[in-house]
Amino acid sequence: MPNLLQKAWLLAAHHHENQRYNTPIEGLTLPYLTHIGAVLIEAQQALHHHPEFDADLLLCSAVLHDTLEDTDLTPDQVETTFGKEILTGVRALTKDENLPSKREQMEDSLQRILAAPPEIAAVKLCDRINNLSPPPHYWTPTKKAAYREEAQLILDQLGHVSTYLSQRLAGKIAAYPTS
Ligand code: NI
(Lines give C-alpha, C1' and ligand atoms only; values in the text may rest on other atoms or scores of the structure.)
Protein backbone atom coordinates (compact mmCIF):
# COMPACT_ATOMS: atom_id res chain seq x y z
CA MET A 1 0.00 0.00 0.00
CA PRO A 2 1.76 3.20 -1.13
CA ASN A 3 1.88 5.99 1.42
CA LEU A 4 0.40 9.43 0.77
CA LEU A 5 3.63 10.95 -0.55
CA GLN A 6 4.14 8.05 -2.98
CA LYS A 7 0.58 8.54 -4.22
CA ALA A 8 1.25 12.25 -4.74
CA TRP A 9 4.47 11.53 -6.63
CA LEU A 10 2.83 9.01 -8.99
CA LEU A 11 -0.09 11.35 -9.60
CA ALA A 12 2.25 14.28 -10.38
CA ALA A 13 4.38 12.04 -12.64
CA HIS A 14 1.29 10.97 -14.53
CA HIS A 15 -0.24 14.44 -14.91
CA HIS A 16 2.98 16.30 -15.80
CA GLU A 17 4.00 13.44 -18.13
CA ASN A 18 4.16 15.35 -21.41
CA GLN A 19 5.58 18.62 -20.06
CA ARG A 20 9.20 19.72 -20.41
CA TYR A 21 11.00 22.97 -19.66
CA ASN A 22 13.95 24.84 -21.12
CA THR A 23 17.30 24.87 -19.36
CA PRO A 24 20.20 27.37 -19.60
CA ILE A 25 21.82 25.00 -22.11
CA GLU A 26 20.47 25.84 -25.56
CA GLY A 27 18.46 22.96 -26.99
CA LEU A 28 18.37 21.00 -23.72
CA THR A 29 14.99 20.47 -22.11
CA LEU A 30 14.14 18.40 -19.04
CA PRO A 31 10.94 16.66 -17.96
CA TYR A 32 8.80 18.96 -15.81
CA LEU A 33 8.98 16.34 -13.08
CA THR A 34 12.63 17.38 -12.58
CA HIS A 35 11.35 20.67 -11.15
CA ILE A 36 8.83 18.85 -8.95
CA GLY A 37 11.57 16.53 -7.65
CA ALA A 38 13.85 19.49 -6.92
CA VAL A 39 11.10 21.23 -4.93
CA LEU A 40 10.44 18.00 -3.03
CA ILE A 41 14.14 17.66 -2.14
CA GLU A 42 14.20 21.29 -0.99
CA ALA A 43 11.12 20.66 1.19
CA GLN A 44 12.56 17.44 2.61
CA GLN A 45 15.70 19.33 3.64
CA ALA A 46 13.59 22.08 5.19
CA LEU A 47 11.83 19.43 7.26
CA HIS A 48 15.12 18.67 9.05
CA HIS A 49 15.16 22.29 10.22
CA HIS A 50 11.43 22.26 11.07
CA PRO A 51 10.47 19.07 12.88
CA GLU A 52 7.29 20.92 13.90
CA PHE A 53 6.04 20.93 10.28
CA ASP A 54 3.41 18.38 9.23
CA ALA A 55 5.45 16.19 6.86
CA ASP A 56 2.53 14.95 4.73
CA LEU A 57 1.13 18.46 4.31
CA LEU A 58 4.54 19.90 3.39
CA LEU A 59 5.75 17.12 1.09
CA CYS A 60 2.48 16.26 -0.67
CA SER A 61 1.80 19.97 -1.29
CA ALA A 62 5.34 20.31 -2.65
CA VAL A 63 4.76 17.45 -5.09
CA LEU A 64 1.29 18.62 -6.15
CA HIS A 65 2.03 22.38 -6.18
CA ASP A 66 1.82 22.85 -9.96
CA THR A 67 -0.85 20.23 -10.77
CA LEU A 68 -3.95 22.41 -10.54
CA GLU A 69 -2.28 25.28 -12.41
CA ASP A 70 -0.59 23.31 -15.17
CA THR A 71 -2.35 19.95 -15.62
CA ASP A 72 -5.84 18.50 -16.00
CA LEU A 73 -5.89 17.17 -12.43
CA THR A 74 -9.08 18.43 -10.76
CA PRO A 75 -9.58 19.81 -7.24
CA ASP A 76 -12.03 16.96 -6.57
CA GLN A 77 -9.37 14.37 -7.34
CA VAL A 78 -6.92 16.10 -4.99
CA GLU A 79 -9.50 16.28 -2.21
CA THR A 80 -10.58 12.64 -2.58
CA THR A 81 -7.07 11.28 -2.14
CA PHE A 82 -5.36 13.93 0.00
CA GLY A 83 -8.14 15.69 1.90
CA LYS A 84 -9.27 19.27 2.32
CA GLU A 85 -6.15 20.70 3.96
CA ILE A 86 -3.80 19.64 1.15
CA LEU A 87 -6.36 20.75 -1.46
CA THR A 88 -6.62 24.21 0.17
CA GLY A 89 -2.83 24.42 0.23
CA VAL A 90 -2.39 23.44 -3.41
CA ARG A 91 -5.16 25.86 -4.37
CA ALA A 92 -3.40 28.69 -2.54
CA LEU A 93 -0.28 27.86 -4.58
CA THR A 94 -2.34 28.12 -7.79
CA LYS A 95 -2.70 31.47 -9.56
CA ASP A 96 -6.22 32.72 -10.30
CA GLU A 97 -5.98 33.30 -14.03
CA ASN A 98 -9.17 35.37 -14.02
CA LEU A 99 -7.21 38.21 -12.43
CA PRO A 100 -5.94 40.64 -15.08
CA SER A 101 -2.22 40.93 -14.38
CA LYS A 102 0.61 38.66 -13.25
CA ARG A 103 1.25 41.02 -10.35
CA GLU A 104 -2.36 40.76 -9.13
CA GLN A 105 -2.29 36.98 -9.57
CA MET A 106 0.84 36.76 -7.45
CA GLU A 107 -0.46 39.07 -4.71
CA ASP A 108 -3.77 37.19 -4.54
CA SER A 109 -1.96 33.84 -4.30
CA LEU A 110 0.32 35.21 -1.56
CA GLN A 111 -2.71 36.33 0.47
CA ARG A 112 -4.21 32.84 0.25
CA ILE A 113 -0.85 31.26 1.14
CA LEU A 114 -0.62 33.51 4.21
CA ALA A 115 -4.08 32.32 5.32
CA ALA A 116 -2.95 28.66 5.02
CA PRO A 117 -0.67 26.73 7.42
CA PRO A 118 3.07 27.66 7.34
CA GLU A 119 3.90 24.46 5.43
CA ILE A 120 2.27 26.03 2.35
CA ALA A 121 4.38 29.18 2.53
CA ALA A 122 7.39 26.88 2.93
CA VAL A 123 6.45 25.13 -0.35
CA LYS A 124 6.25 28.51 -2.12
CA LEU A 125 9.73 29.39 -0.84
CA CYS A 126 11.07 25.97 -1.99
CA ASP A 127 9.46 26.50 -5.41
CA ARG A 128 11.05 29.91 -5.88
CA ILE A 129 14.43 28.69 -4.61
CA ASN A 130 14.38 26.11 -7.42
CA ASN A 131 12.98 28.57 -9.96
CA LEU A 132 15.96 30.87 -9.35
CA SER A 133 18.27 28.35 -10.98
CA PRO A 134 20.03 29.92 -14.00
CA PRO A 135 17.36 31.01 -16.54
CA PRO A 136 17.19 29.99 -20.23
CA HIS A 137 19.66 31.90 -22.41
CA TYR A 138 16.95 33.84 -24.28
CA TRP A 139 15.51 35.57 -21.19
CA THR A 140 15.97 39.33 -21.49
CA PRO A 141 17.54 41.41 -18.69
CA THR A 142 14.06 42.98 -18.14
CA LYS A 143 12.48 39.57 -17.65
CA LYS A 144 15.27 38.48 -15.29
CA ALA A 145 14.95 41.69 -13.27
CA ALA A 146 11.17 41.22 -12.97
CA TYR A 147 11.61 37.62 -11.88
CA ARG A 148 14.19 38.61 -9.28
CA GLU A 149 11.91 41.36 -7.98
CA GLU A 150 9.01 38.92 -7.71
CA ALA A 151 11.25 36.54 -5.75
CA GLN A 152 12.06 39.38 -3.34
CA LEU A 153 8.31 40.01 -2.85
CA ILE A 154 7.81 36.31 -2.04
CA LEU A 155 10.71 36.43 0.42
CA ASP A 156 9.38 39.60 2.09
CA GLN A 157 5.86 38.20 2.46
CA LEU A 158 6.58 34.58 3.38
CA GLY A 159 10.12 34.49 4.76
CA HIS A 160 8.94 34.62 8.38
CA VAL A 161 7.82 30.97 8.29
CA SER A 162 11.39 29.65 8.02
CA THR A 163 14.75 31.27 8.75
CA TYR A 164 16.43 28.38 6.97
CA LEU A 165 14.43 28.77 3.73
CA SER A 166 14.65 32.59 3.87
CA GLN A 167 18.41 32.35 3.94
CA ARG A 168 18.40 29.88 1.04
CA LEU A 169 16.15 32.15 -1.03
CA ALA A 170 18.06 35.33 -0.15
CA GLY A 171 21.26 33.60 -1.32
CA LYS A 172 19.62 32.58 -4.61
CA ILE A 173 18.32 36.13 -5.19
CA ALA A 174 21.78 37.58 -4.54
CA ALA A 175 23.34 35.12 -7.01
CA TYR A 176 20.70 35.52 -9.72
CA PRO A 177 22.00 37.07 -12.95
CA THR A 178 20.92 40.66 -13.55
CA SER A 179 22.01 41.00 -17.17
NI1 NI B 1 6.73 25.17 -9.44
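In this predicted model, helix α6 (residues 102-115) packs against helix α8 (residues 141-158) at an angle of about 20°, the two axes lying 11 Å apart. Angles under 35 degrees count as roughly parallel, and α6 and α8 are therefore roughly parallel to each other. The way α6 passes α8 is a right-handed crossing. On the α6 side, the residues that do the touching are Arg103, Met106, Glu107, Leu110, Gln111, Ile113 and Leu114, and they meet Glu149, Glu150, Leu153, Ile154, Gln157 and Leu158 of α8. Sorted by class, this α6 and α8 contact comes out as seven nonpolar, two polar and four charged residues.

Next up is the pairing of α2 (33-49) with α7 (118-131). Here the axes come within 9 Å and cross at roughly 125°, which makes α2 oblique to α7. The crossing of α2 and α7 is right-handed.

Leu4, Lys7, Ala8 and Leu11 are what α1 brings to the contact, and they meet Thr81, Phe82 and Ile86 in α5. The tally for α1 with α5 is five nonpolar, one polar and one charged.

Then there is the empty space. Rolling a probe the size of a water molecule over the atoms shows where such space is left. The largest pocket has a volume of about 1,100 Å³. Its lining runs to 36 residues, and nearest the centre of the pocket are Tyr32, Arg128, Asn131, Trp139 and Tyr147. Two or more lining residues come from each of β1 (20-22), α2, α4 (67-70), α6, α7 and α8. Of these, α8 gives the most, with six residues. By class, the pocket lining holds 15 nonpolar, eight polar and 13 charged residues.

Some pieces turn up in both parts of this picture.

Key. Residues numbered from 1 in each chain as written. Predicted model: local features only at pLDDT ≥ 70, side-chain atom pairs only at ≥ 80, totals over all residues. Heavy atoms only, no water. Axes fitted to C-alpha atoms, helices over the stretch in contact; angles between N-to-C directions. Helix = DSSP H or I, 4+ residues; strand = E, 2+ residues; numbered from the N terminus. Parallel < 35°, antiparallel > 145°, perpendicular 65-115°, else oblique. Left-handed = near helix turned anticlockwise from the far one by under 90°. Contact = heavy atoms within 4.5 Å. Nonpolar A, V, L, I, M, F, W, Y, C, P; charged D, E, K, R; others polar. 1 Å grid on protein atoms, 1.4 Å probe; cavity = no way out; pocket = protein on both sides within 12 Å on 5 of 7 lines; lining within 4 Å. Points joined across faces, edges and corners; volume = space filled by probe spheres on them.
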